[in-house]
Amino acid sequence: MLALLGLCTIALLLAAILTKRMSPLVALIVIPVAAALIGGFGFDTGKFVLAGLQSLAGVVGMFVFAILFFGIVSDAGMLDPIIDRILARVGTRPTRIVPGTTLLALLIHLDGSGAVTFLITIPAMLPLYDRVGIDRRVLACAASMAAGVNFLPWTGPMIRASAALKLPIPEIFSPLVPVQAVGLVFIFAASYWLGLREERRLALVPGTTGSAGSAPGPATTARTLSDAERALRRPDRFWINIVLTAAVLGTMVFLAEKVPPALMFMLGTALALVINYPQVDAQRQRVDAHARAAILMASILLAAGVFTGIMQGTGMLRAMAQTAVTFVPPEMGRHIPFGLGLVSMPLSMLFDPDSFYFGVLPVVAEVAHQLGVPPVQVAQGALLGQMTTGFPVSPLTPATFLVCGLTGIDLADHQRFTFPFLLAASVVMTLACVVFGVFPI
């Protein structure tokens with residue numbers, strides 16, 4: 001009975017989110033609370049919810065202050081010299097332009113926002129692509145690969161996986177550092193190959209404007225900042241912002257077990273404000289400027305705490321897993337993370353991040369746990385593709401349509417061109433997990 005109630009709860013949650021009958025925030029709160037009351041748990045529902053919220057306090061704190069920190073140092077212009085240097089050095093050779101695009105998108109994606117990455121990278125590089133005649137689909141692909149492989153501890157999928165399975169982020173992320181390095185090597189190699197292919201095509205057909213039919217653009221790639229952006233820039237504090245960022249990220253990666261990531265981002269945010277905007281009014285304005293994004297994601301994470309707290313506290317999750325285990329041969333259990341890694345990227349075409357990480361992943365992890373597989377391996381398998389490499393081509397994310405709109409290409413063209421590269425990146429990283437012993441094959 002409990003397993004059936006849990007199954008109905010998750011099915012209703014997925015249906016409500018995927019059909020957009022409810023927002024993720026509403027669905028994650030209302031549906032599990034109603035299920036708990038129907039199951040006869042009464043006032044114990046509040047205890048389950050509180051336990052779920054308490055388990056996510058550190059994750060929510062880290063995510064909120066990570067958004068504020070990267071927003072503040074970006075406002076101060078920390079990335080400007082790096083971006084301008086990349087734009088100045090790529091020249092007019094596609095073998096430099098395409099990898100340069102990947103590097104630029106990779107650096108901008110440090111804040112974890114795919115939309116911001118595309119909004120900065122594509123307009124900055126598009127005139128150069130049009131001038132040289134490079135296919136615009138290559139620009140979309142290069143930016144998508146960089147954003148997709150860059151699954152950092154403060155990005156949405158990592159935060160969701162940690163929240164859904166109640167696992168510390170360093171426990172999930174640290175073993176994936178060498179795996180991500182392999183992924184980065186792959187995308188830069190793929191970018192170079194794409195550039196080389198464009199060089200050969202353009203040499204064979206001089207003066208072509210690319211298969212996307214783009215018209216020649218301006219002969220410059222210099223970015224233009226608005227008056228408001230220039231007023232926020234602090235170019236004289238570039239190096240201190242670089243040192244501060246390196247200290248925050250370095251501590252998070254190498255000392256995460258001793259220093260909570262949330263504390264590092266809190267301290268980093270406070271220091272970034274004092275260093276760049278010492279006036280109290282200016283500090284408040286910078287926090288206000290980035291608060292909307294922080295609060296939106298924090299509210300979804302807290303709502304997910306309601307869902308996971310109830311699903312675990314009532315025993316529905318365990319009951320479903322125990323039922324599912326009877327259909328899975330015990331010897332197949334150890335293959336779950338590897339199999340999930342292989343299919344996680346295509347699953348992005350079927351599930352949005354909230355429905356997968358909060359609805360599907362906990363059940364898969366509990367089934368794996370029943371078969372002796374650590375839940376952290378299931379989380380790592382999912383992160384190799386589900387709304388990481390998969391999000392830039394998924395029709396379930398606004399960022400995909402942003403890429404198409406900024407480059408002026410059709411969604412179908414973008415998906416057909418970019419999907420194989422993102423899938424290959426996911427498969428390469430899955431194999432790297434096996435090689436590095438993150439999980440078995």
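This is a predicted model: local features need pLDDT of at least 70, side-chain atom pairs count only at pLDDT 80 or more; totals for chains, interfaces and linings use all residues.
Residues are numbered from 1 along each chain as its sequence is written, and side-chain values use heavy atoms, leaving out hydrogens and water.

Helix α1 covers residues 2-18 and helix α2 residues 24-38; their axes come within 10 Å and cross at roughly 160°. The two helices are therefore roughly antiparallel (an angle over 145 degrees). From α1, the contact (heavy atoms within 4.5 Å) takes in Leu-5, Thr-9, Leu-12, Leu-13, Ala-16 and Ile-17, and from α2 it takes in Pro-24, Ala-27, Leu-28, Ile-31, Pro-32, Ala-35 and Ile-38. Of these residues, 12 are nonpolar, one is polar and none is charged (Ala, Val, Leu, Ile, Met, Phe, Trp, Tyr, Cys and Pro count as nonpolar, Asp, Glu, Lys and Arg as charged, and the others, Gly among them, as polar).

## Helices α9 and α18

Now to another pair. Helix α9 (residues 156-165) packs against helix α18 (residues 353-370) at an angle of about 40°, and their axes are 9 Å apart. The crossing here is right-handed.

On the α9 side, Pro-157, Arg-160, Ala-161, Ala-163, Ala-164 and Leu-165 meet Pro-353, Asp-354, Tyr-357, Phe-358, Leu-361, Pro-362 and Ala-365 of α18. This contact has 11 nonpolar residues, no polar ones and two charged.

Technical notes: Axes are lines fitted to C-alpha atoms, for helices over the stretch in contact, and angles run from 0 to 180 degrees between N-to-C directions. Helices (H or I, at least four residues) and strands (E, at least two) are DSSP runs, numbered from the N terminus. Angles under 35 degrees count as roughly parallel, over 145 as roughly antiparallel, 65 to 115 as roughly perpendicular and the rest as oblique. A crossing is left-handed if the near helix is turned anticlockwise from the far one by less than a right angle, and right-handed if clockwise.
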